[in-house]
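Trainee: I'd like to learn how to read a structure like the one below. Could you walk me through it?

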Amino acid sequence: MVQNDLMEKETHIMSEIRFQSKYDSNSCMNHLVELQRKYPFIKLNVIGTSLLGTPIYELSVGEGVKKIHWNGSFHANEWITTPLLLKSLERFCHAIAEDILIDEDYAQSIYHQTKLSVVPMVNPDGVDLFHHGSSVAGMYKPVVEKINNQYKHVTFTSWKANIRGVDLNNQFPAHWEIEQKRKPLLPSFRDFPGYYPLSEPESRAMYQLSIQHSFDRVLAFHSQGEVIYYGYNQAEPSRSKEVVEDFQRISGYLPIRTIDSHAGYKDWYIQHFKKEAYTVEVGKGINPLPWSTFNYQEKQVSRICMRSLCL
Ligand SMILES: [Zn+2]
């Protein structure tokens, strides 16, 4: 069975998960519990807690030596990446349970060759702020309201940062000082890199998880643009280009080697490990991407995710 057939066959399973447009950290937790109940071979770990004390979860599936990692919702208003990733995870788990083909490999064979790690929501406080406003910001309520007043924002739909205004994807030790000089100097709804690298518990949790596992391939999901960034300062392995071209072939997403940007998770990962790391920008439009585009995006994201396990 080819991958497209696999996706058609599984459609009915996906509908059992109650997706909703207000997909917050609580929805995510319920979703994880539901997935684990359905597929008991999923292992659920807590890799850290957010500033407001919300657990940051990691799911892992597989017993192999090839280590693949996916993450989503580094940025608050890109929260749609969380249910997108969990749908892909469910596709993988369903294929394992039924032992059907993913591309040309049987899913149980992938299970024995690969270990998949997924952190579906890196920034739970930011996502909750996006959906529910400053009433859920706890001790950071004055901070987020002050920032919004400064920028004359009425809602939190432009918010990308964590709950105290640090951009978690601008926090990593890969020429962080370049970003510090040219980005906001104070907490903001986006782009403020913090007062020093890895100052935030959420970015630290991702750093520590990565150091602990040294994944062979990582995919960080953001929105939007339908592009995949795959390089950093020419330090990426030569394999990255082949892999990203394969992702392009199955998804239509355009590969981009580098842009003038530093201190991102992908940047640091490539610089530190000299291994494959990709920033996948899902969908096209203005953030937050409308929920109505979910099914369309999900097809491309699933193709990329499944492929990342097989290559
Ligand atoms: Zn982003």
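Mentor: Let's start with a network: salt bridges link Asp103, Asp246, Arg249 and Arg307. Keep in mind that this is a predicted model.

Trainee: How far apart are the closest N and O atoms of Arg249 and Asp246?

Mentor: They sit 3.1 Å apart. Both residues belong to helix 9, three residues from each other, which is about one turn of the helix.

Trainee: Is Arg249 buried or exposed? And what about Asp246?

Mentor: Go by relative accessible area: under 20% is buried and over 50% is exposed. Arg249 comes out at 58%, so it counts as exposed, whereas Asp246, at 14%, is buried.

Trainee: Which parts does the pair Glu236 and Arg257 tie together?

Mentor: First the contact: their side chains form a salt bridge, 2.5 Å from N to O. Glu236 is in the loop between strand 8 (227–229) and helix 9 (239–251), and Arg257 is in the loop between strand 9 (254–256) and helix 10 (265–273), so the bridge joins parts 21 residues apart in sequence. Glu236 is buried at 11%, while Arg257 is partly exposed at 37%.

Trainee: How many salt bridges does the structure hold?

Mentor: The count is 17. Another one of them pairs Glu179 with Lys183, at 2.6 Å from N to O. There, Glu179 is buried at 0% relative accessibility, and Lys183 is partly exposed at 24%.

Trainee: Last one: how many residues of helix 5 are buried?

Mentor: Eight of the nine residues in helix 5 (124–132) are buried, including Val127, Leu129 and Phe130. The buried residues pack against helix 2 (25–38), strand 2 (55–61), helix 6 (141–150) and helix 8. After helix 5 comes Gly133, with a positive phi near 80°.

Note on methods:
Residues numbered from 1 in each chain as written. Predicted model: local features only at pLDDT ≥ 70, side-chain atom pairs only at ≥ 80, totals over all residues. Heavy atoms only, no water. Buried < 20%, exposed > 50% of the residue type's maximum accessible area, 1.4 Å probe, protein only. Helix = DSSP H or I, 4+ residues; strand = E, 2+ residues; numbered from the N terminus. Contact = heavy atoms within 4.5 Å. Salt bridge = Lys/Arg side-chain N within 4 Å of Asp/Glu carboxyl O.
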